[in-house]
Amino acid sequence: MSHERILIVDDEKLLRWSLKERLGRDGYEVFEAGTGEEGYAMALDPGADLMLLDLRLPDTTGIELLKRLAPTCADVPVILMTAHSTVETAVEAIKLGAIDYVNKPFNQDHLAIIVRKALENSRLHREVVAFRHRQEERYGLRNLVGDSPAMKDVFRMVMKVGRSAASTVLITGESGTGKDLVAKAIHYASDRVEAPFMNITCSALPETLLESELMGHERGAFTDAKSAKQGLFELADGGTVLLDEIGDMGLVLQAKLLRFLEEKTFRRVGGAKDIKVNVRIIAATNCDLVRAVNEGRFREDLYHRVNVIPIALPPLRCRKEDIPLLAKHFLDEFNREFRKHCHGITDQALEVLVEHDWPGNVRELRNVIERAMLLEDRDLIDLPDLPHDLGRSRRNENPAGSDPGFRLPDAGYRLARLERELVQQALERTGGNQTRAARLLSISRDALRYKMKKFKLG
């Protein structure tokens with residue numbers, strides 16, 4: 001049963017009544033107004049999902065009312081009703097937002113079909129807009145987390161590239177650094193956001209199948225090609241295609257990709273017709289493409305073509321000051337997803353996270369937080385919630401039986417105080433040189449900076 005609202009604005013009372021009866025049988029909530037002024041007020045309060053609007057009203061015209069409603073009701077579909085239609089008025093009404101018009105007298109069952117289709121299209125449009133908004137919320141620039149200088153440079157590049165006319169971008173970085181998220185952020189920061197974002201992993205498919213997925217194929221192009229198929233380049237026309245792990249693409253397909261990048265045209269597998277599209281290609285890889293070129297595994301001309309705008313993502317071990325921010329970001333994400341209420345991470349657990357080298361980068365950190373959130377229901381993530389091997393390197397620094405270097409007094413001692421004193425002594429001994437102070441403490445410079453911030457030193 002539909003609860004959508006339909007507003008009828010017409011000065012013929014009998015027509016309004018009959019339409020209300022007819023549309024009411026379809027489950028719509030119908031309101032009626034006899035003048036333009038009444039129609040304007042009712043369009044704003046209580047609002048309408050569709051309007052049936054007469055061209056001639058006692059106090060105005062349907063065209064003028066459309067103009068008044070345009071700033072606030074642009075998304076409301078309007079069907080114009082008129083006994084005096086001309087091509088000029090119909091064109092003007094369509095320009096102002098009317099989706100259709102019917103000539104009086106009309107068949108009410110036919111009008112009901114037009115109304116149903118208009119509301120279905122309106123619902124579909126709202127769903128598309130809502131989906132696009134959710135995607136932008138999920139993959140937009142705000143989801144790239146970091147306060148380190150390296151990541152700030154990445155953020156600036158994302159905004160510049162997104163707003164530019166650049167047709168090719170190369171994102172490099174170790175596995176798990178978030179290359180796909182950066183690619184999506186570029187798409188959602190661009191004027192291509194209304195068009196699709198599509199991605200494919202080049203290492204996941206054999207070369208012949210990969211070519212078909214990218215460029216499509218004609219019917220009969222190969223044994224299983226029982227019908228023609230559009231490829232990603234066609235489907236993403238106007239939008240963005242991410243070629244993940246482009247370094248694993250075969251040399252034959254590399255040549256075809258190069259032609260596409262230079263001419264923006266391609267042919268489907270088995271086709272003879274050139275197809276022209278407008279897509280932005282974002283290539284991503286975790287391998288050294290220069291080395292691949294030198295070894296003959298990657299075309300040099302293709303490398304120079306995709307490397308017009310390079311964006312290098314730093315590994316997490318080189319931006320450890322971002323670890324607390326990332327951990328908090330993932331904690332909030334999984335609180336929402338798992339409907340939990342974990343309030344944070346203890347200092348001891350956070351310190352282990354900061355000192356870990358993270359060979360799996362941001363993806364590994366995300367997995368660690370997800371695991372802790374799934375397996376435990378504590379208010380704070382603590383050391384027992386973390387994988388055992390995260391703290392192994394610290395435990396191995398003083399194996400059993402060796403001299404600990406510091407004797408715990410019988411009365412005990414505050415660990416945080418000792419740690420602060422050691423950091424302060426290291427800084428004093430090196431004249432504030434953070435690199436040398438970190439070396440004295442056998443920790444990374446990023447870990448030292450984290451402790452300096454923690455203890456408000458320097």
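Predicted model: local features only at pLDDT ≥ 70, side-chain atom pairs only at ≥ 80, totals over all residues.
**Entry 1: the nonpolar cores**

I began with the largest nonpolar core, which has 37 residues. Ile345, Leu353, Leu365, Ile369 and Ile381 have the most contacts inside it.

I then picked out Ile369 and looked up what it touches, not counting residues up to four places away in sequence. Its list reads Ala327, Phe330, Leu331, Phe334, Ile345, Leu353 and Ile381. I also noted another core, of 31 residues, lying apart from the one above. Leu232, Leu261, Ile275 and Tyr303 are among its members.

**Entry 2: helix 13 against helix 15**

Helix 13 and helix 15 pack with their axes 9 Å apart, at an angle of about 45 degrees. The two helices are therefore oblique to each other, and helix 13 passes helix 15 in a right-handed crossing.

Which residues meet here? From helix 13 I wrote down Ile323, Leu326, Ala327, Phe330, Leu331, Glu333, Phe334, Asn335 and Phe338. Facing them from helix 15 are Val362, Leu365, Arg366, Ile369, Glu370, Met373 and Leu374.

I turned to an open sheet of five strands, ordered 7-8-11-6-12, with parallel pairing. Which strands stand at the edges? Strand 7 (197–201) and strand 12 (310–312) do, each having a single partner strand, so one side of each has no neighbour in the sheet. On average, neighbouring strands are turned by 20 degrees against each other, direction ignored.

I followed strand 7 to its partner, strand 8 (residues 240–244), and found five bridges joining this parallel pair. Met198 stands opposite Val241 in strand 8. Helix 6 (residues 149–163) packs on the sheet, where it touches strand 6 (168–172), strand 11 (280–285) and strand 12. The direction of helix 6 makes about 155 degrees with that of strand 12.

A reminder to myself: most peptide bonds are trans, and most residues other than glycine have a negative phi.

I found a cis peptide bond between Lys104 and Pro105, with omega about -10 degrees. Pro105 sits in the loop between strand 5 (98–103) and helix 5 (108–139).

Glu245 is not a glycine, yet it has a positive phi of about 55 degrees. I located Glu245 in the loop between strand 8 and helix 10 (251–263). Arg339, also not a glycine, has a positive phi of about 55 degrees. Arg339 belongs to the loop between helix 13 and strand 13 (344–345).

Are these two buried or exposed? Glu245 is buried, at a relative accessible area of 14%, whereas Arg339 is exposed, at 75%.

**Entry 3: Glu211**

My last stop was Glu211, in helix 8 (residues 207–215). Why does Glu211 count as buried? Its relative accessibility is 14%, and buried means under 20%, so Glu211 falls in that class. Leaving aside neighbours within four places in sequence, I found Glu211 in contact with Gly216, Leu253, Lys256 and Val269.

Key. Residues numbered from 1 in each chain as written. Heavy atoms only, no water. Core = buried A, V, L, I, M, F, W, Y, C linked by side-chain atoms within 4.5 Å. Buried < 20%, exposed > 50% of the residue type's maximum accessible area, 1.4 Å probe, protein only. Contact = heavy atoms within 4.5 Å. Pairing = 2+ DSSP bridges. Helix = DSSP H or I, 4+ residues; strand = E, 2+ residues; numbered from the N terminus. Axes fitted to C-alpha atoms, helices over the stretch in contact; angles between N-to-C directions. Parallel < 35°, antiparallel > 145°, perpendicular 65-115°, else oblique. Left-handed = near helix turned anticlockwise from the far one by under 90°.
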